[in-house]
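Dear colleague,

Please find below the structure I am handing over to you.

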Amino acid sequence: MHSMKQTLERFRIVRLVLFIYRIRAVRALFPVAIIALVYWEGQQELKRVHLSRTVHELRNVPASAILQMIGISLLSVAVMSAYDYLIRFHFRLKISLWSTFRYAWIANTFNNLIGFAGLAGVGLRTLLYKKSGVPTSVLTPAIVFLSPLMITGLSLLSWGNIFGLLPATTLLHEHRWLVFAVWSMALYLPVFVIIQRSSLYAKWINGGQGRTPWITVAASVSASFLEWSFAGLTFWTIGHHLLGGADFVTLFSIYTVAAIAGILSMAPGGIGAFDLIALLGLTQLGHGTDQAMAVLVIYRLFYYVIPWLIGLVLAALEIGLQGKKQLDRTAAGLEPSLNLWQKIWGWPEQYSFLSDLGMWALGKLVLASGLIMLLSAATPELLYRLRITEELLSLPMMKLSHLLSVLIGFMLILLSRGISLQIRRAYIWTSILLFGGAVFTFTKGFDYEEALFLLLVALILWISKARFYRISAPVSKQSTIWWFVLSSIIALSYYLLGSYAHRGFMKHLPPGMQPEWLQQHSNVAFTAVGGLVFSWLLLTMLITLRPQHKVEALFGTADMERLRIFLNDVPGNPLTHMLFLGDKSFFWAQGGTVLFAFARVRDKLVVLSDPLGQKSLINEGISEFRQTADNYGLAVVFYQATPALLPIYHEQGYRFFKLGEEALVPLDTFTLSGKKFSDFRSISKRFEREGYLFEVVEAPHAESLLRELRSISDEWLNGRTEKGYSLGWFKEAYLQLAPIALLRSTEGAVLAFASIAPGYDEQLTVSIDLMRHRKVTPNGTMDYLFVRLLDWAKSEGYHRFNLGNAPLSSVGENSGALREEKLAHLVYKRGGHWYGFSGLRKYKEKFAPDWEPRYLAYPATLALPILTLDLVRLVSRHPEAEE
């Protein structure tokens, strides 16, 4: 018994550890700790790095060496396609050899630059292979098979460090913690082999086809070994050219240890940890810090950045030729195919951007174009090119070209967001700027490489021009601040790089060589600030002058007379009466036969309840509304959606979140007789005995009555602000549209009132809208008001009385509910301090209603937590601000 208890305690500890590990904040501390440790170890070497000398080292690399280094880097990336050919063969994927290579290049270059434990590659392969028709049943085990094998080659190389084949003795001796890192990586290989050959792996991954063959295990390790070997070869090739014939084994050993540190840091591309360890190793060999830093810069540029730019081009062409994208930009079936490897890290939603990879890639190509132009302007040109340019062009022309290059660089950075959002005007302006940038980059210093790259990006944009269909997109304060901060950081980086680079370059010029252009080079600070300010001024002008007339038509004033005529022929719902508040806009679809009543919050159009119209036309009406909204970068959300239209929302690709349940009292069977309603009978007899008067007054209402009701409303609010959208507020013109139930004292003064909202469904449903009462009222006042309202509605021939919504009622109670709904259930149970969720449900239960669920229907591209905050903001917004 005691041992069993100890076992359970250990199990609890394990569960606690796993729980702590799954917390993202804790997971983020691990790579930060690794990078901090590496920085502590290498801080002395970092202090010796001089940017200007590093730039000078880079400028002295011969063109033949650059071509050789780029060639071996591209070959190393191409070798990584062995992974994809391996899963193509093992899982018999029906993909052509060339398509396999393209998919491999895109996935591997993205994974190199921004990947984390192979997740970027996993997400991209999922998207690309599904696009080619590979079924999920085949793709899922293929991705799971591929994920853990990518570091087996590095694990094999770690054994080379341990057995002395790849000695890094000095580095490991000076930094003892690296020994543990090497051993940890080395032990991964035997664990991998054991798992691959296990029966459980054969059952879950191989689909019962038997254990993984030894030849497949060997091929897997060999593919990974090729990747890391060629990456190390690239590192040695670059070091060989920049460090003057460095020894292969020594540099390869340093690379292996640095790569292990980079993997353990879990930072994208091992950035930080890899570079610092490699810097430590190279300086221990006696090389200068600036030379070592130049090796790392070139390695990052040739092995990571340039292949990634090629991957961006391939990605843009891969998906950029499909014309206008569909409304639902999520990749169908993408989330179910995410493997356990991803879900362990808790990032199943990380790749929502992959659903439109082509446009995302185009936006990043434009961003890269802007950065390249600024980098070209910040660093001095080659001397022989400066001589040629000075002979062909005047100094003022070169200076003007330089200033315009900086301005265009900043503009391209800012417009890259518009390219990703597929805005037509952003495409036009970006195309013009790319052509202009190519010209000015050429004339400022004969930089034909940058000019060719800009022209290539312009060509890809032109090929994809059919996809730029949006008229405009919303500009939020948050995104504006974010892009201003980003562009300011880029401007500061440009200033620092330009200042140090030109200063160092001038120091290293041969005696007597002082080109006029460099001597009279414009002030870098002025250029940086000027480019930043003028680019934002131009962008502000473009946004201010963007087309607005169609947006105004979309958000035009609601036509109440047209609504009244429409409701004569089309049934409404319990929330239809709120459309007369005037705080919502109307969109008439399908030739005016389907109505959407909505309000805008940030980039979302929130439709109140279901659209109104014939059910056979609603599906096409939703498509029409979504397409119109999408032209302006807006998403359509349905708030308080009913179960009747859930199949249509599902067909539109919407997700659902249960908001609560609506209390609908069946009036045909409602009666106060029986033990269940004895309390109500007692309250009714007491109020009638004491002389209180209930009455329902029809519109139009007298001004004196409205003034009295206003005083009750103000007293009830007690200084609080009215809410809106899905809640009624005190508005005299609105109250004049329907009857009002009053409860008067024996003296005739109104103690409480409730406005009545018809359902516009041939007297099937009637609802309570606005309810207010004096601070001091007899106990049971609202109970009596409700009971008499139910009697009145029954006598008027209504069949259902809507008591309103019970928020979060019956949400997340089942074990299989969504995580967000389980959290909502916790709020429902424990949130009585802020809002009486459970108390409200219990109160309405007293009237024995039927409960009907209400949902939030939203596109899968929206994040539910952010959407929830927007909805809270919408309901809490002062209603008068909408008028």
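How many residues does helix 4 have, and how far does helix 4 reach from its first C-alpha to its last? Helix 4 (residues 63–79) has 17 residues and reaches 24 Å, close to the 24 Å expected at 1.5 Å a residue; the expected span is 1.5 Å times one less than the number of residues. Residues of helix 4 that are buried (under 20% relative accessible area, with exposed over 50% and partly exposed in between; 1.4 Å probe, protein chains only) include A65, M69, I72 and S73.

Please note that this is a predicted model, in which local features need pLDDT of at least 70 and side-chain atom pairs count only at pLDDT 80 or more, while totals for chains, interfaces and linings use all residues. Residues are numbered from 1 along each chain as its sequence is written, and side-chain values use heavy atoms, with hydrogens and water left out.

Overall composition

The protein has 37 helices and 12 strands, taken as DSSP runs numbered from the N terminus (helices H or I, at least four residues; strands E, at least two). Of its 883 residues, 52% count as buried. Among contacts (heavy atoms within 4.5 Å) with a separation of 6 or more, 79% are between residues 24 or more positions apart.

Aromatic residues

The structure holds 37 aromatic pairs, where rings of Phe, Tyr and Trp (its six-membered ring) pair if their centres lie within 6.5 Å, with planes under 30 degrees apart counted as stacked, over 60 as edge-to-face and the rest as tilted. The ring centres of Y299 and Y304 are 5.8 Å apart and the planes are at 80 degrees, so this pair is edge-to-face. Both Y299 and Y304 are buried. A tilted pair is formed by F596 and F625, with 4.8 Å centre to centre and 35 degrees between the planes. That pair links distant parts of the chain, since F596 lies in strand 2 (residues 594–601) and F625 in helix 29 (residues 615–630), 29 residues apart. F596 and F625 are both buried.

One aromatic cluster is formed by F235, W236, F248, F252, Y255, F274, Y299, Y303 and Y304. The charged end of R300 sits over the ring of Y304, 4.7 Å from its centre; this term requires NZ of Lys or CZ of Arg within 6 Å of the ring centre and within 35 degrees of the ring normal. Likewise, the charged end of R562 sits over the ring of W588, 4.0 Å from the ring centre.

Helices and a loop

Helix 34 (residues 781–795) has 15 residues that should span 21 Å at 1.5 Å a residue, and its end C-alpha atoms are 21 Å apart, which agrees. Helix 34 is mostly covered, with 11 of its 15 residues buried; among them are Y784, F786 and W792. Just after helix 34, G797 takes a positive phi of about 90 degrees.

T669 is found in the loop between strand 6 (654–666) and helix 31 (678–689). At 60% relative accessibility, T669 counts as exposed. T669 and K794 are 125 residues apart in sequence and 9.7 Å apart in space, C-alpha to C-alpha.

Yours sincerely
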